[in-house]
Amino acid sequence: MNECGGRAARPTPLEDRVALVTGGARGIGRAIALRLAEDGARVAVIDLSDTGAQTAREIEETTGRATTFVKADISKEPEARAAVAAVETALGPVDILVNNAGITRDGLILVMDEGDWDAVLAVNLKGAFLMSKAVLRGMIRRRRGSIISISSVVGRRGNAGQVNYSAAKAGLIGLTKSLAREVASRDVRVNAVAPGYIETDMTAALDEPARNAIMKQVPLGRIGTPEAVADAVAFLAGDSASFITGVVLPVDGGLGI
Ligand code: NAI
């Protein structure tokens, strides 16, 4: 409460920024989209799933910020470009891009087929390349921008049964560091966040013994929340991180130590 007895206004460090979150319909992407809007940004949700419209409505209702939903498959170049154009028409030039859309198709390598490899690389890695390319011309021209990609602890450490997913997530780290070097002179920052196990639909499939085994490996002894990842993204997106580029910030309860 403030001195007048009212609730203190929440700071809005992202006021006047436009943020685009891929895979923002649910899970970590939804939490990121909501958080960036709470911090003052106008947020666009891009997703393959129509539930993205519901998420955008929810963001507007809870934060009062303008939002938009664009249905697109970010692994296809024409769709990625069209999605960015639609967002810029609706909300203005994109200042913050969060490459969050991702899929898994797990299996040991001997039973993993070429389609499983291609699909995972296409969404998790190529999608981030296409979306980054689509927003960068404007960011470079305006000398302002922040790109954040959601990698994973398995991109840093590897994981049996996930050669496709780990390769894509490790690839995102290479993309992040190279692009950070390419565009730093234009004041565009490029970073990654590497979550550990986070409570979402992607991890809901784990049975009780698998969850217990995971929690034993995590120094903080618990599975993380989408909001914890959103906090890290919000930090990297804003001016509090104005001198930070090319980093991979783990949000994993210590799993990757
Ligand atoms: P999720 O499966 O709950 O949500 C992913 C969203 O991306 C869905 O809304 C889906 O429709 C969308 N999407 C998938 N393919 C798309 C495409 N081609 N174009 C547009 N949208 C597409 O996943 P979750 O758990 O929220 O994960 C989000 C990101 O965080 C992913 O990149 C994932 O790899 C990463 N991550 C997740 C962890 C976890 O424990 N849940 C741990 C580490 C990283």
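Predicted model: local features only at pLDDT ≥ 70, side-chain atom pairs only at ≥ 80, totals over all residues.

Colleague: Next one down. What is the volume of the second largest pocket, and how many residues line it?

Modeller: Its volume is about 470 Å³. The lining has 17 residues, with Ser132, Lys133, Ala134, Leu136 and Arg137 nearest the centre. Two or more lining residues come from each of helix H3 (77–91), H4 and H6.

Colleague: Which element gives the most to the second largest pocket?

Modeller: H4 does, with nine residues. By class, the lining of this pocket has nine nonpolar, two polar and six charged residues.

Colleague: How many cavities of 30 Å³ or more are there?

Modeller: The count comes to one. About 50 Å³ of space lies in the largest cavity. Its lining is made of 13 residues, and the closest to the centre are Asn99, Ala101, Val123, Asn124 and Ala128.

Colleague: Which elements give two or more residues there?

Modeller: H4 and H6. The largest share comes from H4, which gives five residues. The lining of the cavity divides into seven nonpolar residues, five polar and one charged.

Colleague: Change of topic: H1. Is it mostly covered or mostly open?

Modeller: Mostly covered, since nine of the twelve residues of H1 are buried. Those are Ile28, Gly29, Ala31, Ile32, Ala33, Leu34, Arg35, Leu36 and Ala37.

Colleague: What covers the buried residues of H1?

Modeller: The cover includes strand E1 (18–22), E2, helix H2 (51–63), strand E4 (96–99), strand E5 (145–150) and helix H9 (226–237).

Colleague: What span should H1 have, and how far apart are its ends?

Modeller: At 1.5 Å a residue, the twelve residues should span 16 Å. The end C-alpha atoms of H1 are 17 Å apart, which agrees.

Colleague: What happens just after H1?

Modeller: Gly40 takes a positive phi of about 110° there.

Colleague: Now single residues. Where is Asp95 found, and why does it count as buried?

Modeller: Asp95 is in the loop between H3 and E4. Asp95 counts as buried because its relative accessibility is 5%, and the cut-off for buried is under 20%.

Colleague: What does the side chain of Asp95 reach?

Modeller: It reaches the backbone nitrogen of Val18 at 2.8 Å. Not counting residues up to four places away in sequence, Asp95 touches Asp16, Arg17, Val18, Met139, Arg142, Arg144, Gly145 and Ser146.

Colleague: There's another Asp I had marked, Asp47. Where does it lie, and is it buried or exposed?

Modeller: Asp47 lies in strand E2, and at 13% relative accessibility it counts as buried. The side chain of Asp47 reaches the backbone nitrogen of Gly24 at 3.3 Å.

Colleague: Which residues is Asp47 in contact with?

Modeller: Leaving aside neighbours within four places in sequence, the contacts of Asp47 are Gly23, Gly24, Ala25, Phe69, Val70, Lys71 and Ala72.

Colleague: And how far apart are Asp47 and Leu91?

Modeller: They are 44 residues apart in sequence and 17 Å apart in space, C-alpha to C-alpha.

Colleague: Last one, Thr55. Which helix is it in, and what does it touch?

Modeller: Thr55 is in helix H2. It is buried, with a relative accessible area of 5%. Thr55 touches Gly24, Ala25 and Arg30, again not counting residues up to four places away in sequence.

Colleague: Thanks, that covers my list.

Conventions. Residues numbered from 1 in each chain as written. Heavy atoms only, no water. 1 Å grid on protein atoms, 1.4 Å probe; cavity = no way out; pocket = protein on both sides within 12 Å on 5 of 7 lines; lining within 4 Å. Points joined across faces, edges and corners; volume = space filled by probe spheres on them. Helix = DSSP H or I, 4+ residues; strand = E, 2+ residues; numbered from the N terminus. Nonpolar A, V, L, I, M, F, W, Y, C, P; charged D, E, K, R; others polar. Expected span 1.5 Å × (residues − 1). Buried < 20%, exposed > 50% of the residue type's maximum accessible area, 1.4 Å probe, protein only. Contact = heavy atoms within 4.5 Å. Polar contact = N/O pair within 3.5 Å; in protein donor to acceptor, adjacent residues only side chain to side chain.
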